[in-house]
Structure formats: structure tokens, C-alpha cells
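Have the sequence and the model at hand while reading.

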Amino acid sequence: MADAEFNALLLRRLLDAVGAHLEAQGLTASVIVVGGAALCLRGWVQRTTNDVDVIAVVSDAGDEWIQPGISAALEDAIKRVARDFNIDADWINATVGAQWKTGLPDGIREDVEWLRFRGLRVGLAGRQALITLKLIASVDQWPQSVHRQDLVALLPTDEELERARRWVETQDMSPTFPDAVARVITHVRDRR
Amino acid sequence: MYATVASRTEEATVRACWRQWRALKGEGLVAGERPAQAIIDPEALVLASLAMRHREQRLRDVLWWWAHRGARLLSVQRLKTIQTAFPEAMLQGGVGWFASVAMTAGDARWKKLAGGNTSEETARTGKGPVELHLLEPSTLMLRLRAGFGVGAKADLMAFLIGASSALQQKGIWATESVMSKAVSYSRASVARAAAEMSLARFIEASADRPPMYTLDEDAWAGVLRLWDPYRPAKNAVLSEASAPFDIPPWRFWSHAFGFLVATHTWAQEASQSQVAPVVNASRARDIVERFKPYLAWSRLPIPDSRLHVGEQYLDPFSTLVDEVLQRVDREL
């Protein structure tokens, strides 16, 4: 399998293929996406990504978020699309779902934008949630990292950074952690 | 496109079935056309005919005849194995019906497959000869079973004799793996059967581990009197040495019929549903993956899935189907 990079156009094509497989079986699925895929699909950054991070699945009723355990039918559709487009089998993955252990960012349920790909509904996390998750992902990364670059590209306001900081600092109790978070915030402010 | 593929694969399957049935029924030349010349795989022929029996009542009639006259030369286990390559949607309980008829005709081996709703299956009797006459070279597999018993040894012999003819190269060596896939017996059964036939010096084993096998096809063609039954009578008195052998080629019919029927089912479903092209392309890939060994052995143009992603796969798949259809007609 090729270690492919997806732009927004290809991402839409791949997600549409997953939705088509679900639709062909009379099935539906709804997932909440964060990370680079959400930023690309929102059009907030112009870069490619190599996977789709699912942080939650949404119940059939559409109101309950559940820690992602990707259903067998969705898993099958994802693998089929991986085979058919010659991409990695875990191109959609729920690794970021581990975040449920320590809690999801405040306000993650706000400002979700829904995209419909036949049998697949994709909820793109909102701006504040994406800023918060990018901030925590940037803390132990080099300034040139993709997370740091994404955070800069989002041009977060002081209010958004402060709200993100409050939640991020609850995620690591080490005494040096707040300083590390502050350094990232300073880096971002300097580049706005 | 889908409706065309569905109809072309159906026609090709039915046509191939009839040319093979004509060989088994000993009908000889019809309008100057010979019956099937490649080695008939009897279980594959039964399954393909069962899959197409709703299209033609006559296929049901010939199956009924074969269940009475020829079922004793079939392997129940092999039919079960090959059945997995055929979509159940096409067989629709046909195996149970065929087994019921064969059992009624006195072959108790079919009991475990007999059953299902057979009340709607009707067939006209007397649509074939009372006695079997395996005169056509293409009946080689059945002749060997009649002579040596139904089992892996007879089928392996048929494969090794026919493989050289298919590749137009004498002394082809075959691995246990290829032989196993070709004759649809387990690798262990094939290895055991081949080793014993080698011990009997019917076939020759290489020094490799695991060994490969070959045989002297001309010697066996002489023993089995494999020459053209339609050659002019004046040549019939020629000595065996001067008569050209007509060794029937092996054509992997269990796989070829499976591919045709699976593709027909795929095309029919695609033409009747509103499924997205990317889904149909994915299902086409499933078929190619399932029959990849057959396609490779037959040197057919397997589409490179890396070059044709998503729905783009449909075009090369269509080309492949065209090629298979031409090949089936040409190599019968």
C-alpha cells in the first residue's frame, strides 16, 4: 500500500466511496473528524494529510457521541476503499479516540459542520476544538511540526488560545507542562 | 454496459455448456462444428448448467439425463469444492435437485447433497443416449475416471496430459500447488496421489522438494487412443505411429465457468440496482481477486489495481471480460 497524502478533493472522493459502500448495504454511519482531515475539508489549511482521525461516532439517533469503536460494516467499507484506491488500510482510524480517557476538549460539540457522503455522515469538529487539539498536539513537537504550523495557520485569537490553554493544562500534571504550553502560545502569537 | 456484460456472459456460458454436453452425448458434428475439444470438467459443467437452467429448459433436461447416466462418474466432494466458486444466487438450490435426481437414479453417494425445494424443478426425460459413449477426446477426464475410479489420480492424469497440449509445449512440469488448484483437490490429496502415481511410474517426479511432476503425453495419448475421431475414414487404417494425436488441452473449466457465472451475477445485479460505480468496481475487483490464479495461468490481462483506482477499474475489467469471452469461445 502506498503511504498516500490526501488533499481535500481526494478526501471527499474517498469518503464518498466509503459512503457508497454503506449505502449499497442500506447502512449509515456518522463520525466526528478532527485533525488535518477536518482542517482540509473545512478549507482552513491548504495542505495534505495521510489519514482521517475519528474522535467519536454518533448514535443513529444523531444526538449521542460515543467513544469510537468503528462498526464492522464501516471497517469493511474503509478496508475496501483502502484496497480499491491503493492506500493504507488504517487511513481512517480512531487512534485519537484515546482522548476519551482524559476527557474531550470543552465545547467540542459546538460548531460541528456536517458533510454527507451517501451513507456516511462526517461531522467536522469546530474551530475552538481544533485549536485546542492542535495546541495539545504541539506541546512536545518542534516548531516546524505540522501541528504547530496548523495552529499558526488558524490565526487563533487570544481568547481562543486562552480557552484552549485552560483545557490543555488539565491534561498533564507535570510541573513543567504549563511552561511548555505557554511557549507554544507565545510562538503562535509572534507569528500572527 | 452492465446489461450487455450480463447478456454476453450468459450467452457464452450457455454456448460453452452446450458444446460440452454435445461431446458427452456423442452428437458428433453439428453444422460442421465439432463438439468441445478441450478437456471437459464434468463437475464444473454440471454447476454452470445448473446456474443457467432457468434460462433454458433444455439444460434441465440434459442435467436430468446426466444425473441418471453419468452421475456415477462425478465426485460429490469435488462438486462441493467447486461449488464455492459459483454464486449461490445463481444455483438456487440446483445442487440439491441434481443430487436428488442422481440419488433416485440409484447413486447413494448424493444423499448428503440431496434436498431443498425440488417440486418446481421439472425436466423432460429421454434427452440423451441410454448408454454413455465417451468417444470425444474432450471426455478424457471421464474416461480416466471410468478406467481408474473417481478420484484425484484420474483427474491429475487428465491435467498432466492436457497441460502440455494447452501450452503447446511437451513435458510440462507442474507443482503440487498448481495441480491442487487445477483439479480442486486438497494439496495433501494431490501430493499423495502424485507420489503413488510416480511410484507406479505412470508419471515422473523431479528431484525438487516438494517435487514437480510430468508425464510422457505422447505415450499416454497412444495408450488412450487420443486421435481425431473425425479424420477421414481412409486415414483410419494408418498405423498409430503415423496418426497425429489429438490431445485435448486442459482449460481450467471449473475456474472459467466460475468466473463467467460470477461476472454474469455481478453485471445483472449492477444493471438492476442504483449502486454507485465505485461499489460496482470494488465488486469487480473481488471477482478478479477470487479468480486471479486462473486468469494468470490463462495469461489473461489482469488489470493492475494500482493503476486503475476506484471506479476507473471498470474499464480494464470490461476489457478482461471481453478477452475471457473470446478465449472461452476460441478454446472450447
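A salt bridge here is a side-chain nitrogen of Lys or Arg within 4 Å of a carboxyl oxygen of Asp or Glu. R80(A) and D286(B) form one, with their closest N and O atoms 2.4 Å apart. The model is predicted. Over all chains, the salt bridge count comes to 36.

**Interface of chains A and B**

- On the chain A side, 11 residues are in contact with 15 residues of chain B.
- The size of an interface is often given as the accessible area lost when the parts come together.
- For chain A and chain B, the buried area is about 1,100 Å². Carbon and sulfur atoms give 50% of that area.
- Five salt bridges are found across the interface of chain A and chain B.
- Eight residue pairs are in polar contact between chain A and chain B, both residues being at pLDDT 80 or more.
- Which helices of chain A each supply at least two residues of the side that touches chain B? They are helix 1 (8-24) and helix 3 (72-85).
- Helix 1 of chain A gives the largest share of that side, five residues.
- By class, the side of chain A that touches chain B holds four nonpolar, two polar and five charged residues.

- E43(B) sits in helix 2 (residues 42-51) of chain B.
- Is E43(B) buried or exposed? E43(B) counts as buried because its relative accessibility is 0%, and the cut-off for buried is under 20%.
- The side chains of E43(B) and R145(B) are joined by a polar contact of 2.6 Å.
- Apart from neighbours within four places in sequence, E43(B) is in contact with residues including L73(B), L74(B), S75(B) and R78(B). L79(B), I82(B) and R145(B) are also among them.
- R145(B) also forms a salt bridge with D155(B), the closest N and O atoms being 2.9 Å apart.
- R145(B) lies in helix 7 (residues 140-148) of chain B and D155(B) in helix 8 (residues 152-167), so this pair ties together parts that are 10 residues apart in sequence.
- Both R145(B) and D155(B) are buried.

- Salt bridges that share partners join D76(A), R80(A), R83(A), D84(A), R285(B), D286(B) and E289(B) into one network.
- The R80(A)–D286(B) salt bridge has its closest N and O atoms 2.4 Å apart.

**Further salt bridges within a chain**

- In chain B, D329(B) forms a salt bridge with R15(B), and their closest N and O atoms are 2.8 Å apart.
- D329(B) lies in helix 15 (residues 314-330) and R15(B) in helix 1 (residues 2-25) of chain B, so the pair ties together parts that are 314 residues apart in sequence.
- D329(B) is partly exposed, with a relative accessible area of 32%. R15(B) also counts as partly exposed, at 37% relative accessibility.
- In chain A, R166(A) forms a salt bridge with E162(A), with the closest N and O atoms 3.8 Å apart.
- R166(A) and E162(A) both lie in helix 6 (residues 158-168) of chain A. They are four residues apart, about one turn of the helix.
- E162(A) has a relative accessible area of 29% and is therefore partly exposed.

Conventions:
Residues numbered from 1 in each chain as written. Chains lettered and ligands numbered in written order. Predicted model: local features only at pLDDT ≥ 70, side-chain atom pairs only at ≥ 80, totals over all residues. Heavy atoms only, no water. Buried < 20%, exposed > 50% of the residue type's maximum accessible area, 1.4 Å probe, protein only. Contact = heavy atoms within 4.5 Å. Buried area = accessible area lost by both parts, 1.4 Å probe. Polar contact = N/O pair within 3.5 Å; in protein donor to acceptor, adjacent residues only side chain to side chain. Nonpolar A, V, L, I, M, F, W, Y, C, P; charged D, E, K, R; others polar.
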